[in-house]
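Student: Before we discuss packing, please put the model on screen.

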Amino acid sequence: MPRWEIRVCFFVWLTFLHVANAFKNQTWPVPYRRFDRRPQVDAYCQALYPFCPTGDQDGRIPNMKDTDVISVYRLQTPVWEFKFGDVLGKLHIMHDAVGFSSAQTGANYTMEWYELFQLGNCTFPHLRPDAFAPFWCNQGAACFFDGIDDFHWAQNGTLEKIAEISGHQFNDLAQWVIDDNTTGIYYETWTVLSHAGPNATTWFESYDCSQFVHRTYRKMSQLGAKLSSRSQTNYTKIYLYSGEPVYLGNDSAIFGQPALKNLATDIRDFYNDFRPHQSMAEFALSMLEAYKRVVMDKSFYFYYNFEYWRLPMKPPYVRIQYEEVPFPSN
């Protein structure tokens with residue numbers, strides 16, 4: 001056997017051992033990876049609408065007096081309500097945030113967590129001509145800014161007072177937000193389940209605006225806040241359904257190895273169907289091809305923690321649900 005073939009076989013065998021070992025010790029759902037710091041944004045990534053245009057660019061949150069009383073508000077509105085009104089609200093595709101109001105100063109604030117470069121860029125990558133590996137613009141971050149736009153939140157959504165906390169509790173929460181925002185840097189659209197019925201295994205959790213709100217509520221509860229609502233607290237979840245995911249590897253393992261060129265090409269072809277800036281005819285053809293891959297071939301390439309997985313898809317494949325998530329109890 002030629003030496004180059006031996007090297008290829010050896011690499012494939014090492015890859016197999018790596019995958020087998022990963023599954024031997026795999027826990028579900030796969031834990032969301034956190035980082036020591038937030039990286040600089042690549043100039044290639046461009047937002048249609050600027051991220052957090054009126055917030056502090058360094059992510060600072062004002063300090064409150066310990067004796068202040070801070071009202072906390074649950075905020076929810078249809079995604080892109082400013083552009084499409086209640087259109088996405090009718091599909092229960094909602095955006096979530098938290099509002100605060102100081103009794104001592106009368107100042108109001110809004111806090112939310114969302115994509116730096118819009119949802120599409122966080123859900124699917126770009127395919128750059130100068131790079132073989134797909135290129136992701138999938139950072140998400142917290143935004144804290146002055147004011148609560150009552151009309152924006154209340155017209156087609158929710159603006160409801162749910163708690164009061166002290167200024168001291170708010171300052172502790174603010175430090176937690178800064179730490180959470182520094183270490184949790186990327187947005188994840190999908191929640192992946194084993195099936196659509198009860199007692200399903202969660203393979204992967206989403207990491208989006210509503211998950212940030214849930215983490216914030218849990219932290220406030222840990223700090224002693226008592227949260228309550230007069231209405232059912234529903235949130236948007238976008239599900240994929242699959243059998244047990246198959247680990248594939250990271251960029252360098254897949255796109256940097258000639259032995260895995262077929263896999264790398266198949267991943268690129270999959271994401272090519274979801275590329276931005278397609279004509280209507282191109283988009284129609286892409287959706288037909290995507291249907292073939294996901295529904296007929298029952299395959300979906302999933303990117304999580306900067307690693308690729310193959311999802312063996314199963315009915316109902318994809319579903320948007322607007323479901324209740326109760327407040328945490330003390």
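Tutor: This is a predicted model. A residue is called buried when its relative accessible area is under 20%, and exposed when that area is over 50%.

Student: Which residues of H8 are buried?
Tutor: H8 covers residues 261–272 and reaches 16 Å from its first C-alpha to its last, close to the 16 Å expected. By the under 20% cut-off, the buried residues of this helix are Leu-263, Ala-264, Ile-267, Arg-268, Phe-270 and Tyr-271.

Student: Which helices and strands do the buried residues of H8 pack against?
Tutor: Two helices are among the partners, H7 (251–255) and H9 (280–296). The strands are S9 (246–250), S10 (299–304) and S11 (307–324).

Student: Which residues have the most contacts inside the largest nonpolar core?
Tutor: That core has 64 residues. Phe-300 is in contact with residues beyond four places in sequence, including Phe-124, Trp-190 and Phe-270, and Phe-270 is also one of the buried residues of H8. Those with the most contacts inside the core are Phe-100, Phe-300 and Phe-302.

Student: How many of the 14 residues of H6 are buried?
Tutor: H6 spans residues 209–222 and is mostly covered. Phe-212, His-214 and Met-220 are among its buried residues.

How values were computed. Residues numbered from 1 in each chain as written. Predicted model: local features only at pLDDT ≥ 70, side-chain atom pairs only at ≥ 80, totals over all residues. Heavy atoms only, no water. Core = buried A, V, L, I, M, F, W, Y, C linked by side-chain atoms within 4.5 Å. Buried < 20%, exposed > 50% of the residue type's maximum accessible area, 1.4 Å probe, protein only. Contact = heavy atoms within 4.5 Å. Helix = DSSP H or I, 4+ residues; strand = E, 2+ residues; numbered from the N terminus. Expected span 1.5 Å × (residues − 1).
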